[in-house]
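Me: Got a model open here and want to walk through it with you. Can you take my questions as they come?

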Amino acid sequence: MPEEGVPLQHEDKILKTDEIVELAKIFVKQGVRKIRLTGGEPTIRKDIVEIVTRLGQIPGVEELCLTSNGIALHRKLPKLAQAGLTAVNLSLDTLVEGKFVMITRRNGLQNVMKSLETALQLGIPKVKLNVVVIKGLNDDEILKFVRLAQHYPLEIRFIEYMPFDGNKWELDKVMSFSAIMDIIRSEYPVVNRQTHKYGETSKVFDIPGFQGRIGFISSMTDDFCADCTRLRLTSDGNLKVCLFDNGEVSLRDMLRSNASEDEILNVIGRAVKGKKEKHADLDELHLQKNRPMTLIGG
């Protein structure tokens, strides 16, 4: 969380519930089978349970996922699970209370752990912890996170530190996938790669005797651009064909100007066909303008 806080969007700019559902239906008609609600923080929306319920009722949706900071999630999880939520990703970069306050600018580590416990107790099919590893900040906790996968049926996903506006990114703070793996193998020499499924963003590994597994999102040092199947619709209704692409097109404005479904599809099609082969290299990416991560979700 930036020291200066987060610039708030005016409510009129944010997609309304009906608009989210209408756009989701258009994408599902074209073959989208998985929808993830992310942020920012999606649970601050008062209508989050209604959104999940209505998205889950769209014929063709097979996976309905939510990424959350976990601070308030535990109170809403039972209703979200009942509404059809199939996966929960919790963003948690440290297991140390003092570091948690420094990173997030708030107390709440116990609430996040309660959300994790609640997700496991409810039997949500996929539960993951997203851990952004930053050299000198939390790289000393890598094995602590790995041990959670030893005792619980969840996936610990280590994410390389990525450059976004306002997150004080520095190249020497990046902990590469291979460096993280070296630390893990120092204690667990046998780490077996699972078969990669087309479109998956993470490399997933099993460790013998573990209930869970570990994964890596190596966007910086070993990208997955070649088989990326993701599209991102921001909370204010802009389509991003790549997380690192600052070119956006407003589907919200098209909806509100009563554009037809075919017109919207034409705009989506042009955006997708214009997607670059891969994002910029590590030494160039931090120089490009992009939204802060706090405003890039949707």
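Me: Which residues of helix α6 are buried?
Reply: This is a predicted model. In α6, which spans residues 142–151, the buried residues are Ile 142, Leu 143, Phe 145, Val 146, Leu 148 and Ala 149.

Me: Where does α7 sit, then? Start with the sheet.
Reply: The sheet is open and has eight strands. Their order is β1-β2-β3-β4-β5-β8-β7-β6, and the pairing is mixed. The edges are β1 (34–37) and β6 (192–193). Each has a single partner strand, so one side of each has no neighbour in the sheet. Helix α7, residues 177–187, packs on this sheet. It touches β4 (126–133), β5 (155–160), β7 and β8 (213–217). The direction of α7 makes about 160° with that of β8.

Me: How is β6 held to its partner strand?
Reply: Two bridges join β6 to β7, residues 203–206. The two strands run antiparallel. Asn 192 has Asp 206 in β7 as its bridge partner.

Me: Stay with the sheet. Is Gly 215 buried or exposed?
Reply: Buried. Gly 215 is in strand β8, and its relative accessibility is 0%. Burial here means under 20%, so Gly 215 qualifies.

Me: What does Gly 215 touch, apart from its sequence neighbours?
Reply: Leaving out residues within four places in sequence, Gly 215 contacts Glu 155, Ile 156, Arg 157, Phe 158, Lys 203 and Val 204. There is a C-alpha distance for Gly 215 too: Lys 128 is 87 residues away along the chain, and the two C-alpha atoms are separated by 9.4 Å.

Me: What about Asn 130, buried or exposed?
Reply: Also buried, with a relative accessible area of 8%. Asn 130 lies in β4. Beyond four places in sequence, its contacts are Thr 67, Asn 89, Leu 90, Ser 91, Leu 92, Asp 93, Arg 157 and Ile 159.

Me: Switching to the nonpolar core. Which residues touch the most other members?
Reply: Leu 55, Ile 156, Phe 158, Ile 184 and Leu 251 do, in a largest core of 69 residues. Helix α1, residues 17–29, gives the largest share of this core, with seven residues.

Me: What does Leu 55 touch?
Reply: Not counting residues up to four places away in sequence, Leu 55 touches Ile 20, Val 21, Ala 24, Ile 35, Leu 37, Val 61 and Leu 64.

Me: Which residues are in the second core?
Reply: That one is separate and has five residues, including Ile 159, Met 162, Ile 217 and Leu 243.

Me: How many bridges pair β10 and β11?
Reply: Two, in the antiparallel sense, with β10 covering residues 238–240. Asn 238 has Ser 250 in β11 as its bridge partner.

Me: One loop question. Where does Gly 108 lie?
Reply: In the loop between α4 (97–104) and α5 (109–122). Gly 108 is buried, at 10% relative accessible area. Setting aside neighbours within four places in sequence, Gly 108 contacts Ile 71, Glu 97 and Phe 100. Its C-alpha is separated by 8.5 Å from that of Gly 70, 38 residues apart along the chain.

Me: Last, the overall numbers. How many helices and strands are there?
Reply: The protein has 10 helices and 11 strands. Of its 298 residues, 48% are buried. The accessible surface comes to about 15200 Å², and 51% of that belongs to carbon and sulfur atoms.

Me: What share of the contacts join residues at least 24 apart?
Reply: 68%, among contacts between residues at least 6 apart in sequence.

Key
Residues are numbered from 1 along each chain as its sequence is written. This is a predicted model: local features need pLDDT of at least 70, side-chain atom pairs count only at pLDDT 80 or more; totals for chains, interfaces and linings use all residues. Side-chain values use heavy atoms; hydrogens and water are left out. Helices (H or I, at least four residues) and strands (E, at least two) are DSSP runs, numbered from the N terminus. Buried means under 20% relative accessible area, exposed over 50%, partly exposed in between (1.4 Å probe, protein chains only). Contact means heavy atoms within 4.5 Å. Accessible areas come from the Shrake-Rupley method with a 1.4 Å probe; for residues, only the protein chains shown count as cover. Two strands pair if DSSP finds at least two bridges between them. Axes are lines fitted to C-alpha atoms, for helices over the stretch in contact, and angles run from 0 to 180 degrees between N-to-C directions. A nonpolar core is a set of buried Ala, Val, Leu, Ile, Met, Phe, Trp, Tyr and Cys residues joined through side-chain atoms within 4.5 Å.
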